[in-house]
Number of protein chains: 2
Amino acid sequence: MAGEFELIGRHFNWPAPQGYLGVGDDCALVPVTAGHRLAVTTDLLVEGRHFFPDVDPEALGHKALAVNVSDLGAMGARPLGCVLGLSLPRVDDDWLEAFARGFRAMSEISGCPLVGGDTTRSVDGVVISVTAMGEVPMEGALRRSAARNGDDIWVTGELGGAHVALELLQGLHRGHEGLLDQLRPSLERPLPPVAFGSALAGHAHAAIDISDGLLQDLNHILKASHCAAEVDYSALPVHPALQGLEPQILQRAVLNGGDVYQLCFTAAPNARDHISRLAEQHGVAACIVGRIREGVGIRVMHSPLPVGQGDYIGYDHFR
Amino acid sequence: MAGEFELIGRHFNWPAPQGYLGVGDDCALVPVTAGHRLAVTTDLLVEGRHFFPDVDPEALGHKALAVNVSDLGAMGARPLGCVLGLSLPRVDDDWLEAFARGFRAMSEISGCPLVGGDTTRSVDGVVISVTAMGEVPMEGALRRSAARNGDDIWVTGELGGAHVALELLQGLHRGHEGLLDQLRPSLERPLPPVAFGSALAGHAHAAIDISDGLLQDLNHILKASHCAAEVDYSALPVHPALQGLEPQILQRAVLNGGDVYQLCFTAAPNARDHISRLAEQHGVAACIVGRIREGVGIRVMHSPLPVGQGDYIGYDHFR
């Protein structure tokens, strides 16, 4: 952890929690509960690729951490802390202050304190690296490979909002521009259900966070668990502002829209009541949208338009 | 942990150790020993700032991890694992293969398995983010603030080699070009004494890894511990290839040369025998170079040229 952090550190100068050692030594120190395993995830965000130079820095700070704690929740892990790498072409105090405010808000919402970092000057453009750490009971992790035949398939939150917001920002869907104000929070301020995810550890089986689109992410579970799925389109939680859209735009946003940062998970039918209670306790909307079956692939029922394999596999990840 | 890792994953497709969950889920899972705390450190390396486009990719892979595990050792932590973020302008198989080979070699040398990552396309230039995690007994961490009046000051390895190698690569020191072959490993393949550092936990007091230069890094300990130091220049372990250099070049390299990734630590005089035995067991050269005193600042004795405060403070970290 290089000393460069000190200069910019005034923007990230939040006290470390009790039992932690924060910024200022060779490493941060973080307590881990006995009988738990460390869960760790990392993301690298590059200006011009993952965000544009004119992005609202507060939203960027929020989202940079949100996408990582989303992965913790999808593993059933409780956040322990995060480290931030920030490479900047120049020191812009207003930008940094806003970025730090957004990052801190997400840190507090998700209970994931910033414990360390590295800041350096970039040649050109902002680069953000976030690594988030959590803990999960030794046998409770929600692994992608844990879905079982007969499991319910659950989805939290609402689908499609972030996808349509991005398309509107790109100038698509003329006549629907008025939607952007309602959809922008879905894209820019995702609120992953992290505490709910960690409460599911030991109760749900498999889980994943929806970052690339429901079908594609569900398919990751199916491949890892060697099973198939039936999804009832009419049961999917569609963002309410999308109801007036043309069917093909809507269906694509709901089934394939990414950047959702909500959970898709599977659980035994006899866990329904317990999971519904957990969702209520955490203020999370969770609904059953399908079932795990033997076999291969995803069968979508009751969709306005047919769904084929091309809708969820064969996507080029290196973009 | 985004799916983009899969494409490039073939270059980093090493089995995770027993008890771990590696690449392929939302998070990696890592065991942590009860009674220990997690130590975590992160670095962000940017092409054109921290390394040049024509750098040997194998050396870059080695060093990217070395600088992070060096921080673990300086905290007294035993490595548990690391995550790698890699942003590349294009997929160059030969480059990736060499980078991965260097990274893997360092991973094996230091016992720090790669457990996850995120790979993405950059707009321009390579960006590398490494976060390394380790564990340290609850009360054993080698914090910068733990030096005590009367402690011995120890240094491992050799000083000055990396600094002069960098200057030679920059075209300085005409007439000494023949030195480069002997010094290049110090710059490009640092071997931080990580296992020795973790063995020091509970035996030494304060420690830091020498990345910005001995005096500057020792001064971090002194500031955090509110004490002063006497350093005996004649006791410093100078890289043997440097002996023929002019005194002012040599002294600057030894006292202020960075990129060393060896340890400077303090310990009570009654721990000398134990520490010497530990060093021998780990094949590490460790010698006493001074003493912690009450007061402020660093007094360097027996140096060819005078040393002032300007030699170790007031450095601009944001470069």
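1. Let's begin with the interface: 59 residues of chain A are in contact with 59 residues of chain B, where contact is taken as C-beta atoms, placed from the backbone, within 7 Å. Of the side of chain A that touches chain B, the largest share, 9 residues, comes from S2(A). By type, that side divides into 28 nonpolar, 15 polar and 16 charged residues; nonpolar covers Ala, Val, Leu, Ile, Met, Phe, Trp, Tyr, Cys and Pro, charged covers Asp, Glu, Lys and Arg, and the others, Gly among them, are polar.

2. A word on the source. This is a predicted model, in which local features need pLDDT of at least 70, side-chain atom pairs count only at pLDDT 80 or more, and totals for chains, interfaces and linings use all residues. Residues are numbered from 1 along each chain as its sequence is written, with chains lettered from A and ligands numbered from 1 in the order in which they are written.

3. On confidence, the predictor gives the complex an ipTM of 0.91 and a pTM of 0.92. Chain A has a mean pLDDT (the predictor's confidence in each residue, from 0 to 100) of 91, and 95% of its residues reach 70 or more. Please treat one stretch with care: over residues 314-319 of chain A the pLDDT is below 50.

4. Leu38(A) has Val30(B) as its bridge partner.

5. Helix H2 of chain A spans residues 57-74. 18 of its 18 residues are buried, meaning 20 or more other C-beta atoms within 10 Å of the residue's own. Just after H2(A), Gly76(A) takes a positive phi of about 80°.

Key:
Helix = DSSP H or I, 4+ residues; strand = E, 2+ residues; numbered from the N terminus. Expected span 1.5 Å × (residues − 1). Buried ≥ 20, exposed ≤ 12 C-beta atoms within 10 Å, placed from the backbone. Contact = placed C-beta atoms within 7 Å. Pairing = 2+ DSSP bridges.
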